[in-house]
Amino acid sequence: MNVSLVLIIVMAVLFACGVYAMLERSLTRVLIGFLLLGNATNLLLLIVMGRPGVAPFFGSASVDEMSDPLPQALTLTAIVITFAVSAFLLALIYRSWQLGQADTVTDDEADLEVRERAAEAEETMDEETEIEDTDDDATTDFVGTDTAPITILGARDFAGLRDDAPVDRPDRDPRDRGDDA
């Protein structure tokens with residue numbers, strides 16, 4: 001199987017340009033990047049398909065002479081998906097142009113508020129990490145039963161409940177399962 005080096009280089013350039021264009025804030029550039037990625041994917045599937053052969057119809061030729069139908073089906077699927085997402089992006093671009101006379105995505109107040117909250121939460125997490133670093137004796141955040149969010153039920157709470165789960169407390173006799181009856 002001889003694969004043209006030119007096809008591989010073109011595919012790699014299309015992928016690189018598509019990813020670069022999709023990282024922009026302009027919706028038109030995102031659309032162009034997505035179209036480049038779609039074409040690069042189709043080219044990848046063309047490269048993977050291998051040597052051309054007879055159309056894969058039953059009885060037209062032997063299996064060795066036929067081309068592989070799976071990359072052809074995947075290429076058709078990729079074309080349909082690219083078309084559908086492109087139509088959706090075009091609708092978004094059109095609506096964005098109608099509302100704001102621009103297709104650039106801008107940060108609104110809610111985005112800025114979320115970003116500020118994330119920065120504050122990160123600072124709070126850093127402070128908690130510093131506290132945890134100083135106190136390595138505590139193995140969990142919920143040490144006592146007063147602050148524990150989960151109530152553990154035992155045989156003393158319900159008569160029909162049987163405590164036969166394994167425990168890892170060394171002070172308890174393994175034969176004692178909590179049955180007081």
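A nonpolar core, as I use the term today, is a set of buried Ala, Val, Leu, Ile, Met, Phe, Trp, Tyr and Cys residues joined through side-chain atoms within 4.5 Å. Keep that in mind for the model on the screen, which is a predicted one.

First, the overall layout. The protein has four helices and zero strands, so its pattern along the sequence reads α-α-α-α. There are 181 residues, and 15% of them are buried. The accessible surface comes to about 14,700 Å², with 62% of that area supplied by carbon and sulfur atoms. If you take contacts between residues at least 6 apart in sequence, 47% of them join residues at least 24 apart.

Now the core. Which residues make up the largest one? There are six: Leu27, Val30, Leu31, Phe34, Leu89 and Ile93. Two elements give two or more residues each, helix 2, residues 27-49, and helix 3, residues 69-100. Helix 2 has the largest share, with four residues. On the spacing of such positions, an α-helix has 3.6 residues a turn, so residues three or four places apart point the same way.

Beyond its neighbours within four places in sequence, Leu31 contacts Ser86, Leu89, Leu90 and Ile93. Two of these, Leu89 and Ile93, are also members of the core.

Next, helix 3 by itself. Its 32 residues should span 46 Å at 1.5 Å a residue, and the C-alpha atoms at its ends are 46 Å apart, which agrees. Which residues of helix 3 are buried? They are Pro71, Ala78, Thr82, Ser86, Leu89, Ile93 and Ser96. Helix 2 is included in what covers them.

Leu35, also in helix 2, gives another view of that pairing. Setting aside residues up to four places away, Leu35 touches Thr82 and Ser86, both of which are on the buried list for helix 3. Is Leu35 itself buried or partly exposed? Leu35 counts as partly exposed, because its relative accessibility is 34% and the buried class stops at under 20%. The C-alpha atoms of Leu35 and Phe83 are separated by 8.7 Å, although the two residues are 48 apart along the chain.

On to charged side chains. How many salt bridges does a search of the whole structure find? The search finds one. It joins the side chains of Arg29 and Glu24, at 3.6 Å from N to O.

Arg29 sits in helix 2. Not counting residues up to four places away, Arg29 touches Ala21, Met22 and Glu24.

Last, the surface. Val3, Leu5, Ile8, Ile9 and Val13 make a nonpolar patch of about 420 Å². Val3 lies in the segment before helix 1, which covers residues 5-22. Val3 has a relative accessible area of 35% and is therefore partly exposed.

To recap: the largest nonpolar core has six residues, helix 2 gives four of them, and the one salt bridge found is between Arg29 and Glu24.

Note on methods
Residues are numbered from 1 along each chain as its sequence is written. This is a predicted model: local features need pLDDT of at least 70, side-chain atom pairs count only at pLDDT 80 or more; totals for chains, interfaces and linings use all residues. Side-chain values use heavy atoms; hydrogens and water are left out. A salt bridge is a side-chain nitrogen of Lys or Arg within 4 Å of a carboxyl oxygen of Asp or Glu. Buried means under 20% relative accessible area, exposed over 50%, partly exposed in between (1.4 Å probe, protein chains only). Contact means heavy atoms within 4.5 Å. Patches are made of residues with over 30% relative accessible area and no salt bridge: like charges are joined within 9 Å, nonpolar side chains (Val, Leu, Ile, Met, Phe, Trp, Tyr) within 5 Å. Accessible areas come from the Shrake-Rupley method with a 1.4 Å probe; for residues, only the protein chains shown count as cover. The expected span of a helix is 1.5 Å times one less than its number of residues.
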